[in-house]
Amino acid sequence: MKKLLKCGVLFTGKEVIKNGAVVIDGETIVDVGTLDQITVPEDCEVLDLQDQFVMAGLIDAHTHFTVSAQNPGYVAGQKDPNEKKVLRAARNMRIDLKTGVTTIRCLGEQDFLDVIMKEAIESGMIPGPRALISGYGLKPSFGHGVMAAPFDGCDEVVKAVRTNIQAGADQIKLFVTGNEEDFSTFKFGAGRAIEKYDMHSMFTPEEIQAAIDIAHGAGRKVAAHCYGGLGARLLIEAGLDTLEHGIYLEQEEIDMMVEAGTWLTLTMNAYFNDERLANRGTPDQVKGFVKYRSDIQKNLQNAVSSGVKFMVGTDGQHGALISELELIVDLLGVSNELALKAATCNAAEACGVADKIGTIEAGKLADIISVQGNPLNDISDMHKVNVILKGGCRVDTLSDL
Ligand SMILES: [Zn+2]
């Protein structure tokens, strides 16, 4: 049966429509406009949201199925057996969905657990958002990235990218700055905190270029964990699509990103949320982030105000995407409207799925949420998500865990 949504304020991603209406047929949006403009189908289910703000479902553009950064000791939890990680992941997906996240981009998992999770969601075995997956992240030997495996030299890198794509990867994830585990032995060493002015590249320019060329040749985008510096410059020059975190980006790299159109994924909770930092269970590294907090804020403010295109990600802190939006508004001076776009249409464009999701337009999938209040005026209203549709089906009715 068709559905008619009667909306108070409808934010399509392109315009704001007062007394808007959306008609859904199956999983697809078929008509959008004011209630007067649209053709009301005969015999349809009506959802009366006239006291609410209606917008596209949210996209967490950087997360991991099996990481639960909302829980204490989550870094150590990555050494859990896969069976336990998958169970945790199922819970995480339910949490995300219930906060209005209808799509996630998972940037790396071990043992193709992301392939299993995506299949489980798509087949209806468990509830969860749509997922764009990466397979294994690629790192060089001794590089940073629990969600990655080591590959050295162009041949290994090329084979790893192809293997991921064969397994079902929607995009490829590289880890380019940082070394293994607690960063204790490299320039990132905890004793030196996280040295802003000492950014490096763990991959060679050739390895980076090889990975990006193979991925792009197969129509896949590339995301890279990178704090800034040499790694950023090599990645941007090589045609990177999305740079993740970017906390030590300097003006030269920011200008390069604007020029090249490289997207930045802001992951604010990872640096500015005290509870999450405590949850890491790695006090030395946390001290580093806290020590450089004002630098990180200044660099990211600079990136955003210089015109770098951006979206948001929780980096495995499930249920916290709204807090990402609050942080970019409060700490980076992003407008409420741009914050909403960062979690919807702009993320969809960055992830290469703007033809299917991210706005409320005829022909797109009916991933739609309603919110009490008006987040264009007060971003914290996003905590009051009410109705959640994924592909036209209500998922807000799932019980809480
Ligand atoms: Zn991550």
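This is a predicted model: local features need pLDDT of at least 70, side-chain atom pairs count only at pLDDT 80 or more; totals for chains, interfaces and linings use all residues.
## Contact between helices H4 and H5

Two residues are in contact if their C-beta atoms, placed from the backbone, lie within 7 Å. On the H4 side they are Pro205, Ile208, Gln209 and Ile212, and on the H5 side they are Leu234, Leu235 and Ala238. Sorted by class, the contact of H4 with H5 has six nonpolar residues, one polar residue and no charged residues.

H4 covers residues 205-217 and H5 covers residues 229-238; they pack at an angle of about 40 degrees, and their axes are 9 Å apart. H4 is therefore oblique to H5. The crossing of the two helices is right-handed.

## Helix H11

Helix H11 runs over residues 321-332, a stretch of 12 residues.

Which residues in H11 are buried? They are Leu321, Ile322, Ser323, Glu324, Leu325, Leu327, Ile328 and Leu332. Just after H11 comes glycine 333, with a positive phi of about 70 degrees.

Most residues other than glycine have a negative phi. Aspartate 43 is not a glycine, yet its phi is positive, at about 55 degrees. This aspartate lies in the loop between strand E4 (28-34) and strand E5 (45-56). Is aspartate 43 buried or exposed? Aspartate 43 has 6 other C-beta atoms within 10 Å, so it is exposed.

Histidine 245 is not a glycine either, and it has a positive phi of about 80 degrees. Its place is in strand E13, which consists of residues 242-245. Histidine 245 is buried, because 25 other C-beta atoms lie within 10 Å.

## Serine 141

Serine 141 sits in the loop between strand E9 (137-139) and strand E10 (148-150). How many C-beta neighbours does serine 141 have inside 10 Å? The number is 12, and serine 141 therefore counts as exposed.

Leaving out residues up to four places away in sequence, serine 141 touches Pro150 and Asp152. Between serine 141 and valine 286 the separation is 145 residues in sequence and 24 Å in space, taken from C-alpha to C-alpha.

Conventions
Residues are numbered from 1 along each chain as its sequence is written. Axes are lines fitted to C-alpha atoms, for helices over the stretch in contact, and angles run from 0 to 180 degrees between N-to-C directions. Helices (H or I, at least four residues) and strands (E, at least two) are DSSP runs, numbered from the N terminus. Angles under 35 degrees count as roughly parallel, over 145 as roughly antiparallel, 65 to 115 as roughly perpendicular and the rest as oblique. A crossing is left-handed if the near helix is turned anticlockwise from the far one by less than a right angle, and right-handed if clockwise. Ala, Val, Leu, Ile, Met, Phe, Trp, Tyr, Cys and Pro count as nonpolar, Asp, Glu, Lys and Arg as charged, and the others, Gly among them, as polar. The expected span of a helix is 1.5 Å times one less than its number of residues. A residue is buried if 20 or more other C-beta atoms lie within 10 Å of its own, exposed if 12 or fewer, and partly exposed in between; C-beta atoms are placed from the backbone.
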